[in-house]
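Grab a pencil and work through these exercises with the model open beside you. Each task comes with a solution that goes step by step.

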Amino acid sequence: MKIMEKDYLWITTDPITSLVHSFNASTISTMQGIIGLKSYLPESGKQSKDFDHKFRKRFSSEHPEEGNNEPGIFAAQAYDAARAVALAVTESRKGRNLSAKLLQSDFHGLNGRIKF
């Protein structure tokens, strides 16, 4: 179909764009006409810096062969989701009303305000 040739444009989203750092130079040189969109993860103070530091340290120790140890948007979203569940479990009694407590979540996470 020749859609990788001149006069074509490809737009990639975060899952692909986040992997570009792991491509070798010859692969990147063939990627002409590609625009990558990536989610922005704002740095929100001490909590964000603590998360970044812990993530990088653990990731580097578990995957020393990887060159990029920066947490992406998906790691931050997973952290915020786990924190919402942990807070709901802490506030519910023996697992009762867990879903109700989760829906009452209202806190500032890595991605901004978390409220259901």
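**Exercise 1: salt bridges**

Glu62 and Arg58 form a salt bridge, their closest N and O atoms being 2.7 Å apart. (A salt bridge here is a side-chain nitrogen of Lys or Arg within 4 Å of a carboxyl oxygen of Asp or Glu.) Before going on, note that this is a predicted model, where local features need pLDDT of at least 70 and side-chain atom pairs count only at pLDDT 80 or more, while totals for chains, interfaces and linings use all residues. Residues are numbered from 1 along each chain as its sequence is written, and side-chain values use heavy atoms, with hydrogens and water left out.

*Task.* How many salt bridges does a search of the whole structure find? Work out where the partners sit and how exposed they are.

*Solution.* 
1. The search of the whole structure gives three.
2. Start with the pair above: Glu62 and Arg58 are four residues apart in helix α3, so about one helical turn separates them. (Helices are DSSP runs of H or I with at least four residues, strands are E runs of at least two, and both are numbered from the N terminus.)
3. Now check exposure: buried means under 20% relative accessible area, exposed over 50%, and partly exposed in between, using a 1.4 Å probe and protein chains only. Glu62 is partly exposed at 45%, and Arg58 is exposed at 57%.
4. Move along to Asp50, which bridges to Lys46 with the closest N and O atoms 2.8 Å apart. Asp50 and Lys46 are also four residues apart in α3, hence about one helical turn.
5. Asp50 comes out partly exposed at 33%, while Lys46 is exposed at 63%.
6. That leaves Asp106 with Arg113, whose closest N and O atoms are 3.0 Å apart. Asp106 is partly exposed at 44%, and Arg113 is exposed at 57%.

**Exercise 2: a strand pair**

*Solution.* 
1. Walk along β3, residues 106–109: Phe107 and Gly109 point to one face and are buried.
2. Next, look across to β4, residues 112–115: the two strands run antiparallel and are joined by four bridges. (Strands pair if DSSP finds at least two bridges between them.)
3. For one of the partners, take Gly109, which bridges to Gly112 in β4.
4. Finally, follow the chain: a hairpin through two residues joins β3 to β4.

**Exercise 3: a serine in a loop**

*Task.* Is Ser92 buried or exposed? Find what surrounds it.

*Solution.* 
1. Locate Ser92 in the loop between α4 (73–91) and α5 (98–103).
2. Its relative accessibility is 9%, so Ser92 counts as buried.
3. Leaving out residues up to four places away in sequence, Ser92 touches Asn97, Leu98 and Lys101. (Contact means heavy atoms within 4.5 Å.)
4. A polar atom of the Ser92 side chain also lies 3.3 Å from the backbone oxygen of Val89.

**Exercise 4: a glycine in another loop**

*Task.* Is Gly67 buried or exposed? Then find how far Gly67 is from His21.

*Solution.* 
1. Gly67 sits in the loop between α3 (46–62) and α4.
2. With 76% relative accessibility, Gly67 counts as exposed.
3. Gly67 and His21 are 46 residues apart in sequence, and their C-alpha atoms are 8.2 Å apart in space.

Notes. A polar contact is a pair of N or O atoms within 3.5 Å; within protein, one must be able to donate a hydrogen and the other to accept it, and residues adjacent in sequence count only if both atoms are side-chain atoms.
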